[in-house]
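Before you turn to the model, here is a short note to read alongside it. The points are numbered so that each can be checked separately.

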Amino acid sequence: MEIGRCPVSRVANASCLSKAVSHKDTAVRMAAAQACGELGADCADEHFQALASAAADRHVKVRRAAVQALGRVGSAGADQIVHFFQDSDEGLRHFAAETLGGLDDALAAEAAARSLLAPQAAARQAGLLALSKMKVAGQSHKAAVAACINDGDLSTRLAAIQALSSLKAEDHAPELEQLAKDKASSVRIAAVSALAKMGAQGASSALIFLEDEDPGVRQFAVKVFSPLHSKLPASVAKTHSHQVALRLLDEDWHVRLAAVVALGDLHMGVYAEQIAALSRDPNNQVRRSALAALEKMGASPAQAAGFLGDSDPGVRGHAEEVYAALGGGRQDDDGDISEAD
């Protein structure tokens with residue numbers, strides 16, 4: 001440890017450090033690995049080999065110290081970090097992936113991309129995680145990441161989708177759209193969530209999921225167009241408001257609720273009549289959200305009046321507040337309550 005702290009000593013005793021990585025004492029192996037990391041540009045092949053061999057160490061703390069040391073050395077240790085993508089400890093695999101991803105340069109990205117061809121699913125997943133952390137270098141390997149969305153391993157498919165999401169790979173939105181045929185609902189939900197970050201192309205590709213057989217997937221698809229839940233620009237979401245409005249008639253109340261919230265947050269007053277008709281919806285949460293949406297839209301008092309006789313005291317009280325906020329009961333209020341009824 002003292003040698004590692006001294007720039008002169010760690011260079012003069014470099015060979016001592018590499019040998020100590022295989023010492024019989026665990027604490028010595030850890031200290032030697034950490035000291036190797038201090039070498040930086042002076043790290044030689046013998047040190048890289050010693051740190052890579054630590055992947056077989058029986059103690060996870062030693063393996064973690066080796067990964068940390070390789071990360072400190074920089075992209076020159078990228079190939080050795082990949083050795084730890086096959087570690088038996090999930091936490092260490094994750095740490096190795098994040099360490100490689102944090103380097104974010106061409107050499108690190110190439111090492112991560114090569115791991116996508118590994119026979120072990122865990123290694124492929126670690127490689128995908130590493131690339132997802134590379135905001136710059138990872139952009140050059142989006143096609144390799146996209147190829148993994150059809151992997152035979154479910155967890156790898158999910159990792160690939162998450163990586164495309166992190167990389168905001170809008171040009172691969174059509175490929176994510178094809179996952180509407182995937183049998184796993186978790187994959188379809190992940191695809192929808194990723195498309196929400198891919199701008200106009202992502203929004204267009206997400207439309208097919210509004211018709212999914214699983215109400216959970218439909219709910220997530222609606223939320224793509226909701227400013228409250230998505231980073232999709234409102235200007236883009238509004239161009240697809242008609243498809244969202246169709247979900248006001250969905251058989252599942254969670255989907256209807258998501259549609260109401262989305263249209264309300266988008267201030268799409270053109271659908272105020274359809275939302276007012278939800279005064280007859282069997283779910284009180286949908287009715288309450290419909291009132292909130294009408295208020296955001298600046299609807300007419302008559303459109304809120306249909307909720308005044310609601311059987312739920314909470315909804316009824318909210319209806320009175322919204323009705324008054326929209327100008328109901330004022331002398332200039334020309335709304336016809338009976339018409340709304």
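**Notes on selected residues and pairs**

1. Leaving out neighbours up to four places away in sequence, Gln 243 has contacts with Leu 207 and Leu 210, where contact means heavy atoms within 4.5 Å. Gln 243 belongs to helix H18 (residues 241-245); helices here are DSSP runs of H or I with at least four residues, strands are runs of E with at least two, and both are numbered from the N terminus. Between the C-alpha atoms of Gln 243 and Leu 207 there are 7.6 Å, although 36 residues separate the two in sequence. Gln 243 has a relative accessible area of 28% and is therefore partly exposed, a class that lies between buried (under 20% relative accessible area) and exposed (over 50%), computed with a 1.4 Å probe on protein chains only.

2. A word on the basis of these values: this is a predicted model, in which local features need pLDDT of at least 70 and side-chain atom pairs count only at pLDDT 80 or more, whereas totals for chains, interfaces and linings use all residues. Residues are numbered from 1 along each chain as its sequence is written, and side-chain values use heavy atoms, with hydrogens and water left out.

3. Thr 156 sits in helix H12 (residues 154-166) and, because its relative accessibility is 0%, it counts as buried. Apart from neighbours within four places in sequence, Thr 156 is in contact with Ala 121, Arg 124, Gln 125, Leu 128, Cys 148 and Asp 151. The side chain of Thr 156 also makes a polar contact of 2.8 Å with that of Asp 153; such a contact is a pair of N or O atoms within 3.5 Å, where, within protein, one must be able to donate a hydrogen and the other to accept it, and residues adjacent in sequence count only if both atoms are side-chain atoms. Leu 116 is 40 residues from Thr 156 along the chain, and their C-alpha atoms are separated by 9.6 Å.

4. How many salt bridges does the structure hold? There are 15 salt bridges, each being a side-chain nitrogen of Lys or Arg within 4 Å of a carboxyl oxygen of Asp or Glu. One of them joins the side chains of Arg 29 and Asp 57, at 2.6 Å from N to O. Arg 29 lies in helix H4 (residues 26-38) and Asp 57 in the loop between helix H5 (45-53) and helix H6 (60-73), so this pair ties together parts that are 28 residues apart in sequence. Arg 29 is buried, at 4% relative accessibility, and Asp 57 is buried too, with a relative accessible area of 12%.

5. Two of the contacts of Thr 156, Arg 124 and Asp 151, also meet each other in a salt bridge of 3.0 Å, N to O. This pair links distant parts of the chain, with Arg 124 in helix H10 (residues 121-132) and Asp 151 in the loop between helix H11 (142-146) and H12, 27 residues apart. Arg 124 and Asp 151 are both buried.

6. Arg 287 and Asp 310 form a further salt bridge, with their closest N and O atoms 2.5 Å apart. Since Arg 287 lies in helix H21 (residues 284-297) and Asp 310 in the loop between helix H22 (301-305) and helix H23 (313-325), the pair ties together parts that are 23 residues apart in sequence. Both residues, Arg 287 and Asp 310, are buried.

7. Arg 93, in helix H8 (residues 90-103), is buried yet has no salt bridge, and the nearest side chain of opposite charge, that of Glu 90, is 4.8 Å away; Lys and Arg count as positive and Asp and Glu as negative, while His and the chain ends are not counted. Not counting residues up to four places away in sequence, Arg 93 touches Phe 84, Phe 85, Gln 86, Asp 87, Ser 88, Ala 122 and Ala 126.

8. In H5, the buried residues include His 47, Phe 48, Ala 50, Leu 51 and Ala 52. The cover over the buried residues of H5 includes helix H3 (14-20), H4, H6 and helix H7 (78-82).
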